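Here is a short briefing for a first look at this structure. It covers helix packing, pockets and cavities.

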Amino acid sequence: MTMDPSTATDTQPFLNAATAIAGRLVQTAQWTGDAATWTVMQPDRENPGTRRAVPALASGTVYEGTAGIALFLAEMYAVRGGEDLLRTALGAIRTSLDTGATLPENSFGFHSGRPGIAWAAVRVGELTGHPELFAEAEALLRPLAGKEAHDTGLDVIAGGGGALPALLQIAGRVDRDLVMGMAVAIGEHMIQTATRDADGWSWATMRNSSVRNLNGYAHGAAGIGHGLLELYAATGDGRFRYGAEQAFLYERRFFNETECNWPDLRHSELGEYQFEGRLEELRDLLRAGGTLPVHEGKYMSAWCHGAPGIGLSRVRAWQLLGDPLYLAEARAAFTNVERSLASEMAGNYSYCHGRGGNAETLVYGAAVLNEPALLEPARAAALTGIARHESEGGTPWPCGTMGAVSDPGLLLGESGIGMFLLRLAHPEVPTPLLVTAPDATAAAAEGGRAGAEGYAEMRERSVREHFGDTLRAWTALGVDVDAVLPHEPMGAAPVRSDVERAYDALAAYAASAGEQSELLEDAFLVDRTRYELAATVTDFTREYTDALARLAPDEVEWSEGRLELSARARVVATRWDWDPWLDGDASGAPEEDEVYFLIQFTNGAVQVRKLSPFAAVVLQRVREPSTVDEVVETVAAAVSGGAGEVDRGWLQTRVMEQVGQAYRAGFLGVQRELAPAA
């Protein structure tokens, strides 16, 4: 089978190649009664350093299991017919339903959990004329109801971000109240678990191995944002639209115009240590003074990470919301995809991180935008692959597995490659890489303005989460805070977060308030410092590696090192004591009485705690590297107030208690070698 990709225009080669792949899957199925499975190629987790794939029986899931294979075979059956395809598709979904019932009752992932299997079962039932599968899909979902807050996966692969559109799509085939209730509860959980900061919203799906919360569709803000957007479309609840648009805003801050891409924020070197089980080796390296390479801008062009997957979310956002900014971002992704398909770097054809998944962005965009020209790079890539891998004497399709070895699965293997080819021949076949809610949506109500009240509610909530103490104090001082704060209505895609704009407005008002400025600035100090500290933390992995390298307190030679406050911590003092004044009648002015605060960035968020004056003196001293003796000397001067000597033994014990607490809490470090005296 030889063809010139530049001149072929008919779709038969794509259908023929998809048919050949489906035939191989039928032939290689392994049967137990009426249930079918396959051998897949998984990472060798017993010897992770070998970076090789080893054979294993497929799970029942969508990603690399029998549910994904069943989906492809059922779609092929709907197009071409054939008893072998029908029997094998039903056998594959039988395995999925049987094994899915053994999954944990918090397995919310689309690609790795119960919702994905249920969705695939419904789709297979529709395509094959077996509606009895709907009841089995429903039974698989029921144990999840009420446990939505226990979803720890969160993202499209392993959590509720992927479950949302799948549940919405099958609502007409199973108990609607069940799945809609689950979807809304998952949406609430996504709001609750979001990192809602000045950059927008993101989720901690890989915090210990990423410099920031991730961009991207499979594990990052794009995929979860898309799920929330589908939930808004189905319910008209503006809170979910707000969350979706804040997720897209978060990614917008990272966009690189030259690359036409969004960076991959995973720290690959740290991830290698973790994957290969070499943390002891890493700890030794760090304790010996070594460091990991600094994460620099790295870009991946794939459905899972990078422009292709993000582009899918933006095409859908434009389709639902009509904002030109989303269309512009989608077109930037198209450019990146075209570059990736023209490069030999994307060597495999998998859906997850290969040419097949990348090309899907163009196939989907061509259909939504009615721009057939977008299909041409996808067609060319497919025809090149067919010539190399489906012709006589050709090599197997390179898959997304380690070593690119052949695999039958949907996201890594030939089922996904077959689905890509089938969609080029029959674009009406829906892509599993972007599951969407039914088109008759609640969001279309009220002239597209449905949910404005819920949107405004989330906007106010976000601002008060960051500046609530300031707003409370300013209100008590007579400031009309509603007049100070900007109020951007639901409508155009946001280009700045409400939190960022609120900060600017509060800072400007405090600076121009004349005689009241000093009071307002003091009331704003803690919230301002929280906001500004969060902006300085650009690498979440530093906290992880610092904790890994940290010696146990009883191993530290305190007298041989210098103590230093973490760069992720601040000590501040307000001139007025605001809390008792606000908790009282808030009349007159608050009492002048310094109050000390420790403000610390940890676990992806800023925490605030009050300090005793004693602890504050200790921590203020170690803002510059200091020996224990220097800290004791400073505290002695503060405690005595120049009135005489204090018990140095008692004082040193107290100081070391504070130092030990701060060290164990991670906001104080020890430089283990004293610098030479000047």
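In this predicted model, helix 8 (residues 221-235) and helix 9 (residues 238-252) have axes that come within 8 Å. The two axes cross at roughly 155 degrees. Angles over 145 degrees count as roughly antiparallel, so helix 8 and helix 9 are roughly antiparallel to each other.

**Helix 8 and helix 9**

- The crossing of helix 8 past helix 9 is left-handed.
- On the helix 8 side, the contact is made by Ala 221, Ala 222, Gly 225, His 226, Leu 228, Leu 229, Leu 231, Tyr 232 and Thr 235.
- Helix 9 answers with Gly 238, Phe 240, Arg 241, Gly 243, Ala 244, Ala 247, Phe 248, Tyr 250 and Glu 251.
- By class, the residues of this contact between helix 8 and helix 9 are 11 nonpolar, five polar and two charged.

**Helix 10 and helix 11**

- The axes of helix 10 and helix 11 come within 7 Å.
- They cross at roughly 130 degrees, which makes helix 10 oblique to helix 11.
- Leu 270, Tyr 273 and Gln 274 of helix 10 meet Leu 279, Glu 281, Leu 282 and Leu 285 of helix 11.
- Five nonpolar residues, one polar and one charged make up the contact of helix 10 with helix 11.

**The largest pocket**

- The largest pocket holds about 1,500 Å³ of space.
- It is lined by 43 residues. Closest to its centre are Arg 45, Arg 266, Phe 275, His 353 and Met 402.
- Strand 3 (39-43) and helix 10 (268-275) are the elements that give two or more residues to the lining of the largest pocket.
- Helix 10 gives the most, with five residues.
- The lining of the largest pocket has 19 nonpolar, 17 polar and seven charged residues.

**The second largest pocket**

- The volume of the second largest pocket is about 1,100 Å³.
- Its lining has 35 residues. Arg 542, Thr 545, Asp 546, Ala 549 and Arg 568 are the closest to its centre.
- At least two lining residues of the second largest pocket come from each of helix 11 (279-287), helix 21 (541-549), strand 7 (562-565) and strand 11 (668-671).
- Helix 21 supplies the largest share of this lining, five residues.
- The lining of the second largest pocket divides into 14 nonpolar, 13 polar and eight charged residues.

**Cavities**

- How many cavities of 30 Å³ or more does the structure hold? There are three.
- The largest cavity has about 50 Å³ of space.
- Its lining is formed by Phe 110, His 111, Val 156, Gly 162, Pro 165, Tyr 217, Pro 432, Leu 433, Leu 434 and Val 435.
- Eight of the residues lining the largest cavity are nonpolar, two are polar and none is charged.
- The second largest cavity has a volume of about 40 Å³.
- Around the second largest cavity lie Arg 196, Asp 197, Trp 201, Tyr 242, Gln 246, Ser 462, His 466, Ser 497, Asp 498 and Val 499 as lining residues.
- Strand 5 (195-197), helix 9, helix 17 (452-476) and helix 19 (498-511) are the elements that give two or more residues to the lining of the second largest cavity.
- That lining of the second largest cavity counts three nonpolar, four polar and three charged residues.

Key. Residues numbered from 1 in each chain as written. Predicted model: local features only at pLDDT ≥ 70, side-chain atom pairs only at ≥ 80, totals over all residues. Heavy atoms only, no water. 1 Å grid on protein atoms, 1.4 Å probe; cavity = no way out; pocket = protein on both sides within 12 Å on 5 of 7 lines; lining within 4 Å. Points joined across faces, edges and corners; volume = space filled by probe spheres on them. Helix = DSSP H or I, 4+ residues; strand = E, 2+ residues; numbered from the N terminus. Nonpolar A, V, L, I, M, F, W, Y, C, P; charged D, E, K, R; others polar. Axes fitted to C-alpha atoms, helices over the stretch in contact; angles between N-to-C directions. Parallel < 35°, antiparallel > 145°, perpendicular 65-115°, else oblique. Left-handed = near helix turned anticlockwise from the far one by under 90°. Contact = heavy atoms within 4.5 Å.
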